[in-house]
Amino acid sequence: MRPGILLTVSICIFGSFATAQTPPPENDPIKSLVARLDLAKYKATIRGLTKFGDRRQGTDRNRAAIDWIEAQLKSYGCSNTERIHYDYQPPARGGRGRGAATGDGAAAGDAAAGGASDGAGGGGRGGAGEAGRAGRGGFARAGGRIRGERGPTAANNDPDLQPDSRIRELDSQPSTPGPREEVFCTKIGTTHPEEMYIVGAHMDGIGYGEAANDDGSGTALVMEVARVLSSPDVTTERTVRFALWNNEETGLNGARAYVDQRKDLQLKEDPPGSGRYPEPKWLGMIQHDMLLFDHGMPLKDGAVSDHQRPEADVNIEFQSNSKFATGAAELAWAFLAANEQYATDYPAVVGNHMTNTDSGPFQDLTPSISLRELERVSQIGGGWDPTHHQPTDVFSHFSEGDFRLGLNATQTTLGAIARLAGAKLK
Ligand SMILES: [Zn+2]
């Protein structure tokens with residue numbers, strides 16, 4: 001690894017975003033690409049994912065969802081799909097589930113991520129414990145401070161709390177330990193196939209709903225960006241990979257498996273002289289996790305408004321304690337600039353406390369950011385999203401304004417990635 005060199009390259013690339021001469025709107029191919037997104041398609045993709053219930057890892061509904069995602073990617077023209085294979089064994093009952101979370105020394109965010117996973121497997125710990133630890137300073141290293149009123153944050157682990165009998169039945173098969181898979185597809189760069197951005201979201205969920213928001217909204221975003229960039233009349237100079245991680249909710253195990261299996265393959269041409277790079281050099285990793293709901297802070301009684309707040313925004317976060325913090329911040333600013341240029345309704349803001357999501361395992365290897373509806377620690381950690389890991393995380397719970405926030409995040413990422421990867425229209 002030569003982080004110094006990577007960092008310099010990264011800064012040059014990201015730096016060019018903000019300072020590049022903005023073409024007149026009618027001549028900007030990226031504007032035409034972003035116009036290929038729309039609310040109906042984004043909602044339809046989330047709807048498609050919710051047909052598989054909460055897509056809990058280690059179940060038939062999770063495996064069926066992976067097959068469906070792969071078929072969709074192929075139908076978009078992202079036909080070179082591949083799968084990562086790994087094994088998942090949950091931590092022993094009563095254990096704290098931290099072992100897996102600290103395995104690769106990926107620093108700050110990971111301990112918190114391990115904490116988040118406790119609730120999923122360990123029977124009702126988790127969310128509440130997470131907020132409690134944050135209140136006592138448990139998030140000091142990852143940063144982020146919860147202020148003001150709070151709502152409950154414990155993950156639901158009781159299938160009977162799902163009031164809709166159809167969804168209750170859909171989510172009824174329990175998870176079993178064992179082999180796991182996750183799917184990705186790749187848009188290969190025309191002039192720099194050996195350099196790559198990774199655009200990701202996690203396709204598994206918990207809470208006995210439909211995981212419509214967490215993380216159907218992020219998964220649909222990645223699939224929509226893949227759809228637009230895979231169109232036969234679009235080229236990109238650099239490679240872009242679309243990854244739908246599994247096992248996020250148990251401690252980022254799917255993203256960790258990818259990093260463990262592939263980080264050392266970067267830049268290896270295979271076969272030699274072929275111009276093919278099974279694992280191009282990572283220029284950045286962009287994770288998408290929960291993008292629909294920004295209804296403001298809970299009131300004194302812990303209740304949250306039923307309406308998307310008019311000043312809702314997309315929260316772009318990087319981790320200031322990561323090895324690639326400087327490059328990650330530059331990447332975040334590039335996404336902010338793309339939001340200003342291409343997102344139709346909602347602005348974005350940048351924060352420095354990225355944590356508890358699949359970009360964590362990447363953050364000390366490449367500039368990494370996450371996009372969310374809210375800041376992970378200071379807002380979601382304070383109970384601002386009452387659907388988080390709950391039976392209420394179902395498609396029908398969300399309004400047009402909610403879905404529109406997710407669409408604006410999609411416009412942001414498509415605009416930024418198209419610019420960074422050098423997208424052109426034939
Ligand atoms: Zn999530």
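Where is Pro 271 found? Pro 271 is found in the loop between helix H9 (253-262) and strand E6, where helices (H or I, at least four residues) and strands (E, at least two) are DSSP runs numbered from the N terminus. The structure is a predicted model, in which local features need pLDDT of at least 70 and side-chain atom pairs count only at pLDDT 80 or more, while totals for chains, interfaces and linings use all residues. Residues are numbered from 1 along each chain as its sequence is written, and side-chain values use heavy atoms, with hydrogens and water left out.

The peptide bond that leads from Asp 270 to Pro 271 is cis, with omega near -5°. Another cis peptide bond, with omega of about 10°, joins Asp 214 and Asp 215, and Asp 215 is found in helix H8. Most peptide bonds are trans, and most residues other than glycine have a negative phi.

Helix H8 covers residues 212-229, and its 18 residues reach 24 Å from the first C-alpha to the last, close to the 26 Å expected at 1.5 Å a residue; the expected span is 1.5 Å times one less than the number of residues. The helix is mostly covered, since 18 of its 18 residues are buried, a word that here means under 20% relative accessible area, with exposed meaning over 50% and partly exposed lying in between (1.4 Å probe, protein chains only).

His 202 lies in strand E3 (residues 192-202) and Asp 289 in the loop between strand E6 (281-288) and strand E7 (314-317), so the pair ties together parts that are 87 residues apart in sequence. His 202 is buried, with a relative accessible area of 0%, and Asp 289 counts as buried at 2%.

Next comes the sheet. It is open and has eight strands in the order E1-E2-E5-E3-E6-E9-E7-E8, with mixed pairing; two strands pair if DSSP finds at least two bridges between them. Strand E1 (82-88) and strand E8 (348-351) are the edge strands, each pairing on one side only. Strands E7 and E9 (residues 368-372) run antiparallel and are joined by three bridges, and Glu 317 stands opposite Ser 370 in E9.

Helix H11 (residues 400-421) packs on this sheet, touching E3, E5, E6, E7 and E9, and its direction makes about 170° with that of E3. Contact means heavy atoms within 4.5 Å, and such angles run from 0 to 180 degrees between N-to-C directions, using axes fitted to C-alpha atoms, for helices over the stretch in contact.

Some loop residues also deserve a look. Met 290, in the loop between E6 and E7, has a phi near 65°, a positive value in a residue other than glycine, and counts as buried at 1% relative accessibility. Asn 356, in the loop between E8 and E9, likewise has a positive phi, about 55°, although it is not a glycine. The loop between E8 and E9 is also the place of Pro 361, whose C-alpha atom is separated by 5.8 Å from that of Arg 256, 105 residues apart along the chain.
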